[in-house]
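Please walk me through this structure.

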Number of protein chains: 2
Amino acid sequence: MTQSRKLRLGAFLMASGHHAAAWRHPASQADAGLNIAHYRELAQTAERGKLDMVFVADSPGAGLKAEPEALARSSQGAKFEPVTLWAALSQVTEHVGFVATASTTYEDPYTLARKFASLDWISGGRAAWNVVTTGADVAANFGLDRHPDHALRYERAEEFLAITKALWDTYEDDAFVRDKASGIYVDPDKVHSIEFEGAHFNVRGLLNVGRPPQGYPVIVQAGASEAGRDLAARTSEVIFTANLTLEDAQEFYADVKGRLPRFGRSPEQLLIMPGIFPVLGGSEAEAKANYEEIQSLVHPDTAWNILTRHYQGADLSAYSLDDTAPPLPTETNGNKSRLKLVTDYVEREQPTLLELYRTLATARGHRVFVGTPEQTADAIQLWFEQGAADGFNIMPPILPNCLADFVDQVVPILQRRGLFRTEYEGTTLRENLGLERPANSYALAAAEAREDAA
Amino acid sequence: MTQSRKLRLGAFLMASGHHAAAWRHPASQADAGLNIAHYRELAQTAERGKLDMVFVADSPGAGLKAEPEALARSSQGAKFEPVTLWAALSQVTEHVGFVATASTTYEDPYTLARKFASLDWISGGRAAWNVVTTGADVAANFGLDRHPDHALRYERAEEFLAITKALWDTYEDDAFVRDKASGIYVDPDKVHSIEFEGAHFNVRGLLNVGRPPQGYPVIVQAGASEAGRDLAARTSEVIFTANLTLEDAQEFYADVKGRLPRFGRSPEQLLIMPGIFPVLGGSEAEAKANYEEIQSLVHPDTAWNILTRHYQGADLSAYSLDDTAPPLPTETNGNKSRLKLVTDYVEREQPTLLELYRTLATARGHRVFVGTPEQTADAIQLWFEQGAADGFNIMPPILPNCLADFVDQVVPILQRRGLFRTEYEGTTLRENLGLERPANSYALAAAEAREDAA
């Protein structure tokens, strides 16, 4: 029986849409990256569909200037900073959660803890932090000599998370007395100073925001490397993952859920949500035509740029798009798990370079599903019931229309099948996701000390 | 004739109000610092009054834990981060500008440039940055050994501002082509990579946000030390200052405006706005009674805490509140200009310690004005017409009610006298303040090169 579990749905928003050429589609909002009305519409559409949350990816910087040909055709260079975006949209929505991506490699733990706490207060407990170590090299933007390597980034991430959680615990939940008669505003015994000395960070003192309404914002992760899986099993509450096949998804799901007991956690404390790029149509034929229409918008320059990036700058001039894709490099200082996914796909399917770039252009390695709303609901239900997913992160090909189509055409089917909510359960994102509100670590330690003494 | 100049009014918002004991007043919102509905009301009240902008002060950190007695009575420890707060409120207002304080000492220039650019886009060109070097020592929160000294902070601030402006110029205003037919999204010739090498920062590459609608957010400053005045004359567009007497304000006004020509700027490119703490009443007697009521809420512990802080921790136990205030120390690594203001006041007025703490508790050294709405309008008009101010930063003693009182009782008088607007003039903060939109430095350099060649 699956009815005891509830399906989770997020909307992964990306400017004009997830397809590399989305902005060229007649239905897309071409200036979407800096159009607040566009994002307002998307957040409100997601809320109309009772989705758990909206999510944006992010890089903390833009790095150096790219070659003119690549730069000219990219719609990804200029966009909102996620936390300011979600703070704004929290005032024009009431229920949907907001997942902001932010980097442990290029941000400061105190400033980050502060802005997420502020977002959680402003949104009434609807904030989530997608913790990333940042694969792209943006060191030059931050005055660093080089992009820290993968292992170092994960070491920093561990410390960074420990610091932010401790800072969020500065004030116990009942620290604020605010007694006008006596003039006592806060109980000093319920205010805790952190003393963190690590290999990468030293942070001492108090956070200047009260404990977030959710205790901590919901902690999300996307990394699926060994280091990423371990960090997620220890610290995450939601994983946005990329899986192309049911088997692959089941392996990942079982592996990560299997790591939880080692860290004293139970399986329902971590929700696994693969991405899915749904290309909808009233019939199968229409869905396929829609898919072909989007693909036709990819300019050959863009295709070769995408391929060259995945081949880590290798010279591909000896190849045509009809040639079988050569093996991909196996080492990277970027996103290791995403590289493995693509490497596996090339090995498994032996695609031509044309087929490979189409796969990459559509959903950057995420799963593409082309079909009717009924078939899409079936695909979602299958993975949900077969131990492959707790829900999905929906990646609409073209925005705003494809999110509205999903909400209007697929969500009602999932609701009729009893898989998805028809009303929000709670007021905070944690409540809607069925995640516990974490206790304050200082209050917990004090309570344990009292118990030991008794 | 003053009619050619327009009076500027900002609302300096501070949680429950500007008075040190504001939160204890029956009319105040005691949990204001983390109450988004409270700030929504304030921003909408300011907009109802056609005020130019709302403003919040800020410290990037909370430092270390204070002594329990001081901590217990302080309502200032937990509050929203300004940029997230203003992003949120931009969606529930249409005209009012948003001045966010942010530190050049404890923030990163790339991340700061990005968040302010994002706020300017989200608010439709209503963002301003109050550039501060941070007087309070919060080094421990950021893993630094010590709080940088005053001179070093101002050196960093100069570099920081140069970097953020260059980053905001990454994209020329017409860089985005977004031609769906050709697939050209951006004109690479109109995208500029910065190469900044300074004593404190090295920043290279592109910003990942488009050029802000206002070109740059409006640049605001508050420092009034020698270094502060020079930085302001070179780079600021608004100064929030603290002046207690007309003569003092006139000296400051003439001095700073006099520095502008040296930097190729004209007097109207920098607006000088002293703070004013208006205690209103239907009659003079009622206003005085309101003042006494607020003062009666200051707990003696708070009084001594305020005094000790201004005497930089000196032992005051030999004094009673009725003793004449001893001379203040003359050296500080904090806010030099504010210290001078208080030092001058002590020298000039020879107040008792009771009188001194009352002055500090009300408006932290800013000007207190107790009177009827008519008298308050007179006081504003006098300074505006006598070369002491371009406008005022209103510091309501108690919030939310005292801002509403000012908007409902004083603003209409200023409007009737033709001193203040009855409708917003433009859509951006710059337009409302009558400040020019700065040209893109790269576009400007290219145009000058073309002219030289012609």
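In which loop of chain A does A:Gly387 lie? The model is a predicted one, and in it A:Gly387 sits in the loop between helix 12 and strand 13 (391-394) of chain A. Its relative accessible area is 29%, so A:Gly387 is partly exposed. Setting aside neighbours within four places in sequence, A:Gly387 is in contact with A:Gln250 and A:Tyr253. A:Gly77 is 310 residues away along the chain, and the C-alpha atoms of A:Gly387 and A:Gly77 are separated by 37 Å.

The loop between strand 12 (367-371) and helix 12 (373-385) of chain A holds A:Thr372. A:Thr372 has a relative accessible area of 13%; buried means under 20%, so this residue is buried. Not counting residues up to four places away in sequence, A:Thr372 touches A:Leu280, A:Gly281, A:Gly282, A:Ser283 and A:Glu284.

Next comes A:His310, in helix 9 (residues 300-310) of chain A. A:His310 touches A:Leu328, A:Pro329, A:Val342 and A:Leu360, residues up to four places away in sequence not being counted. A:Leu360 is 50 residues from A:His310 along the chain, yet their C-alpha atoms are separated by 9.0 Å.

A:Ser236 occupies the loop between helix 6 (226-235) and strand 10 (238-241) of chain A. Its relative accessibility is 0%, so A:Ser236 counts as buried. Beyond its neighbours within four places in sequence, A:Ser236 has contacts that include A:Ile219, A:Leu231 and A:Arg265.

Now turn to helix packing in chain B. Two packed helices are described by the angle between their axes and the distance between the axes. Helix 5 (residues 150-168) and helix 6 (residues 226-235) of chain B pack at about 10°, with axes 11 Å apart. Helix 5 of chain B is therefore roughly parallel to helix 6 of chain B. On the helix 5 side, the meeting residues include B:His150, B:Tyr154 and B:Leu161; on the helix 6 side, they include B:Ala227, B:Leu231 and B:Arg234. By class, this contact of helix 5 with helix 6 of chain B has 5 nonpolar, 3 polar and 3 charged residues.

How do the chains relate?

The largest nonpolar core has 186 residues. Those with the most contacts inside it are A:Leu9, A:Trp86, A:Trp129, B:Leu9, B:Trp86 and B:Trp129. B:Trp86 touches, among others, B:Leu13, B:Phe55, B:Phe98 and B:Leu119, not counting residues up to four places away in sequence.

Some backbone geometry remains. Most residues other than glycine have a negative phi, and most peptide bonds are trans. A cis peptide bond joins A:Leu399 and A:Pro400, with omega about 10°. The bond from B:Leu399 to B:Pro400 is also cis, with omega near 10°. A:Lys50, not a glycine, has a positive phi of about 60°. A:Lys50 lies in the loop between helix 1 (36-48) and strand 2 (53-56) of chain A. B:Arg178, in strand 5 (residues 176-179) of chain B, has a positive phi near 50°.

Technical notes: Residues are numbered from 1 along each chain as its sequence is written. Chains are lettered from A and ligands numbered from 1 in the order in which they are written. This is a predicted model: local features need pLDDT of at least 70, side-chain atom pairs count only at pLDDT 80 or more; totals for chains, interfaces and linings use all residues. Side-chain values use heavy atoms; hydrogens and water are left out. Axes are lines fitted to C-alpha atoms, for helices over the stretch in contact, and angles run from 0 to 180 degrees between N-to-C directions. Helices (H or I, at least four residues) and strands (E, at least two) are DSSP runs, numbered from the N terminus. Angles under 35 degrees count as roughly parallel, over 145 as roughly antiparallel, 65 to 115 as roughly perpendicular and the rest as oblique. Contact means heavy atoms within 4.5 Å. Ala, Val, Leu, Ile, Met, Phe, Trp, Tyr, Cys and Pro count as nonpolar, Asp, Glu, Lys and Arg as charged, and the others, Gly among them, as polar. A nonpolar core is a set of buried Ala, Val, Leu, Ile, Met, Phe, Trp, Tyr and Cys residues joined through side-chain atoms within 4.5 Å. Buried means under 20% relative accessible area, exposed over 50%, partly exposed in between (1.4 Å probe, protein chains only).
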